[in-house]
Amino acid sequence: MAKRSYDSERVRQDVLREAEGLFSRRGYTATSIADISKVTGHSKGHIYYHFKSKEELFVALAQQTMRKWGERWQERAMTCSSPPEKLFAIADFVMDNYQQDLLKAGQELASLPGVQPSTMQALYGLAVTPMAAYKAIIEEGMTCGDFRQGDADQLSLLFGAWLGGLNSFVHTMDRDTLRGLYRETAALFLRSISG
């Protein structure tokens with residue numbers, strides 16, 4: 001009898017890929033490990049081998065998604081010729097990448113009672129990626145003289161808060177109107193830090 005081969009990393013990626021679809025379509029609460037097992041064809045035991053809980057699986061998926069967000073932003077940033085252009089580009093990028101069903105599932109998870117503190121910490125830690133992108137733009141602008149000197153961490157936090165405030169309207173406001181507001185946010189911020 002031939003021994004069945006088992007590719008652990010392939011199973012992990014299958015689970016993450018299929019879980020993303022289920023969480024995005026159904027939400028966090030309505031998706032079970034049994035559902036993920038059924039669509040992947042991998043046993044619940046295989047899934048629990050890689051992820052101790054549904055929360056841990058979701059956090060791994062969210063972290064993978066943020067890594068990809070950062071990679072896509074880096075590709076986009078390379079097409080920009082200046083820090084001011086990058087501010088407008090990242091405002092558009094944030095809006096376009098905030099309208100994700102997976103994000104709604106994450107917000108659902110964060111609002112549930114009894115969520116593990118480590119899960120909440122990991123979900124809040126996802127903000128590191130966009131904050132680092134804002135900071136890199138601001139520091140580049142300061143270095144080349146486009147932006148006045150200042151506290152890049154503080155300015156990144158302010159810019160992120162402005163964009164974050166608009167993010168709460170992505171599901172309730174007309175896209176064109178909202179895009180105009182994201183771009184106006186970048187313009188106001190740019191005026192406030194221009195050198």
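A residue is called buried at under 20% relative accessible area, exposed at over 50%, and partly exposed in between, using a 1.4 Å probe and protein chains only. The structure described here is a predicted model, in which local features need pLDDT of at least 70, side-chain atom pairs count only at pLDDT 80 or more, and totals for chains, interfaces and linings use all residues. Residues are numbered from 1 along each chain as its sequence is written, and side-chain values use heavy atoms, with hydrogens and water left out.

The protein chain holds 10 helices and zero strands. Helices (H or I, at least four residues) and strands (E, at least two) are DSSP runs, numbered from the N terminus. Read from the N terminus, the order of elements is α-α-α-α-α-α-α-α-α-α. The C-alpha trace spans about 70 × 35 × 30 Å along its principal axes. Of the 195 residues in the chain, 42% are buried. Contact is defined as heavy atoms within 4.5 Å. Among contacts between residues at least 6 apart in sequence, 68% join residues at least 24 apart.

Two helix pairs were examined. Two packed helices are described by the angle between their axes and the distance between the axes. Axes are lines fitted to C-alpha atoms, for helices over the stretch in contact, and angles run from 0 to 180 degrees between N-to-C directions. Helix 1 (residues 8-26) packs against helix 2 (residues 33-40) at an angle of about 125°. Their axes are 9 Å apart. Helix 1 and helix 2 are therefore oblique to each other. Angles under 35 degrees count as roughly parallel, over 145 as roughly antiparallel, 65 to 115 as roughly perpendicular, and the rest as oblique. The crossing of helix 1 with helix 2 is right-handed. A crossing is right-handed if the near helix is turned clockwise from the far one by less than a right angle, and left-handed if anticlockwise.

In helix 1, the residues that meet helix 2 are Asp14, Val15, Glu18, Ala19, Leu22, Phe23 and Arg26. Their partners in helix 2 are Asp35, Ile36, Val39 and Thr40. This contact has six nonpolar, one polar and four charged residues. Ala, Val, Leu, Ile, Met, Phe, Trp, Tyr, Cys and Pro count as nonpolar, Asp, Glu, Lys and Arg as charged, and the others, Gly among them, as polar.

Helix 5 (residues 83-98) and helix 9 (residues 152-167) cross at roughly 35°, and their axes come within 10 Å. This crossing is also right-handed. Leu87, Ile90, Ala91, Val94 and Tyr98 in helix 5 meet Phe159, Leu163 and Asn167 in helix 9. By class, the contact has seven nonpolar residues, one polar and no charged.

Gly150 is partly exposed, at 39% relative accessibility. Gly150 and Leu163 are 13 residues apart in sequence, and their C-alpha atoms are 20 Å apart in space.

Thr65 lies in helix 4 (residues 54-77). Thr65 is buried, with a relative accessible area of 16%. Beyond its neighbours within four places in sequence, Thr65 is in contact with Glu20, Gln100 and Leu102.

The structure holds zero disulfides. A disulfide is a pair of cysteine sulfur atoms within 2.5 Å. For Cys80, the nearest cysteine sulfur is that of Cys144, 13 Å away. Cys80 is buried, at 10% relative accessible area. Cys144 is partly exposed, at 45%.
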